[in-house]
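Here is a set of questions and answers about how the words used for a protein model are tied to their definitions. Please keep the sequence and the structure in view while you read.

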Amino acid sequence: MRLRGHTLTGTAATGCLLLLAACGHGPAPAAEDAAPTPVRAAQAPARLPVPRGEGSEVPDDFNGDGHRDLVLDDLVKAQSHTDDAGIGIVYGSARGLVPGTRQLLTPKEHAAPVDGQLPALFEAEASCDLDGDGFTDLVVTTDPPYDGRGRPPVPLQLLFGSPTGPAGRAVPLTVPDRARFGNDWPERPVCGDFDGDGAQDLVVHASAGRLSYLRGPFTRGGAPRRAGTPLPSPGEAPTGPAADVNRDGYDDLVVRASAGPGTAAVVLGGPDGPTRTGVTLPAGVDVALGAFGRGKALDAAVGTPDTTAMRYDLPTEAGGSSHASSGGGGTLDTPGSLLDAADLDGDGLSELVSSGSGVRVHRGRTAGPTPRPAVTVRPAATGTTRVLTAGDFDGDGLADLVVRTYRGDTEDTVEVHRGAAGALVTTRAAVTFSTSVFLTP
């Protein structure tokens, strides 16, 4: 999922979103010609009950029924100047997303009050199963009261999944004092199993080139199993989702030198967590990690508004050898301000998706993504289109592409284009809806 403030598009080893097709369960969908008529934005379906699940290892499965769900931030509003409605979840099924099966998470109903005040800000940041119960949990950012003196409170809260999705109120994330450094806000959470023990951990920004590393599993009170002193880092801004870049069984993450565009480095996980700095990446706006060239390690696509630089078979340590240092790099003549990576055709290689200016899909191959011709995804709706996420929402073993077209604060369209062998993605959307469905009772 692509969440607010996140610029890396990859996957944790447990999520398998990036190395091959995304995980999922359920029968393969019908052929495109037999697909049901898309749900149109003007036809908001009646709300359906969330199916009860028993727990699963599928990523973004908040009700644990074995089907991937979609998180939506920045929902459209009834009027331009009204507050955001909250966070929306559209639940999955054996045939993909079902817009009628949806849930609205609001600060009034789901946020934890701090010093007696409910937050006005309530936005999704990351998702993973933090307590290990088989139900995906949501990390949200809030705006707790702060007088500007001393160390600010932790703005992050944990909303735990259940057999019917996130239920009850969130709890504030506990970042022990020993794990903090300086007086920055603890923010930019990244989930991953960085120490290889099978539990999901969290990394958050500390300050001055340090990261707070919180080892999972987490309690229902929001506390990590363990947290030590902040880890030295090559940058200020941890970026997710995480991925096992060197395929050693430990999740790794990208850390940017700053929160905005610029250089970044891969920080490698290990028994002590993400403590080793790997390869430094070129300056850019966005980074996507994927199996673009079938190397021993993952590859990186680093984008700018004009071009995308490729770095193949990333070295594991700073200064280590790689294909990039021996002619394994390259440049795609495509904008890379927003990049995603996923296996859309099921061949075991990642496609590179760019949505900086239109949505273009570059097919993966053993020598890297083909520069031309790219497959262009043309939504039926008009407006500004961006990729929300790529993942297997219908359980057929192929990643699907979820795109959103904006037409102002009060109107949008979300389309799900299924992955397809040969064609990469279907031209016709399998599901179409508007986030305005969350405005209906």
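**The disulfide and the sheets**

Q: Why is the disulfide of Cys128 and Cys191 called left-handed?
A: The torsion about the S-S bond of Cys128 and Cys191 is about -65 degrees, so this disulfide is left-handed. The model is a predicted one, in which local features need pLDDT of at least 70 and side-chain atom pairs count only at pLDDT 80 or more, while totals for chains, interfaces and linings use all residues. Residues are numbered from 1 along each chain as its sequence is written, and side-chain values use heavy atoms, with hydrogens and water left out.

Q: What makes Cys128 and Cys191 a disulfide?
A: A disulfide is defined as a pair of cysteine sulfur atoms within 2.5 Å, and the sulfur atoms of Cys128 and Cys191 are 2.2 Å apart, so the pair meets the definition. The structure holds one disulfide. Cys128 lies in strand β5 (residues 123-128) and Cys191 in strand β9 (residues 190-192), so that the pair, 63 residues apart, links distant parts of the chain; strands here are DSSP runs (E, at least two residues), numbered from the N terminus.

Q: Why are Cys128 and Cys191 called buried?
A: Buried means under 20% relative accessible area, with a 1.4 Å probe and protein chains only. Cys128 has a relative accessible area of 7% and Cys191 has one of 9%, so both count as buried. Of the 441 residues of the protein chain, 58% count as buried.

Q: What makes β5 and β8 edge strands in their open sheet?
A: This sheet of four strands has the order β5-β6-β7-β8, with antiparallel pairing. β5 and β8 (171-172) each have a single partner strand, so one side of each is left without a neighbour in the sheet.

Q: How do you know that strands β6 and β7 pair?
A: Two strands pair if DSSP finds at least two bridges between them, and strand β6 (residues 137-141) is joined to strand β7 (residues 156-159) over four bridges, in the antiparallel sense. Val140, for its part, has Gln157 in β7 as its bridge partner.

Q: Why do β2 and β4 stand at the edges of their sheet?
A: The open sheet of three strands has the order β2-β3-β4, with antiparallel pairing. β2 (70-72) and β4 (96-105) each have a single partner strand, so one side of each lacks a neighbour in the sheet. Between β2 and strand β3 (residues 87-93) there are three bridges, and the bridge partner of Val71 in β3 is Ile89.

Notes: Buried < 20%, exposed > 50% of the residue type's maximum accessible area, 1.4 Å probe, protein only.
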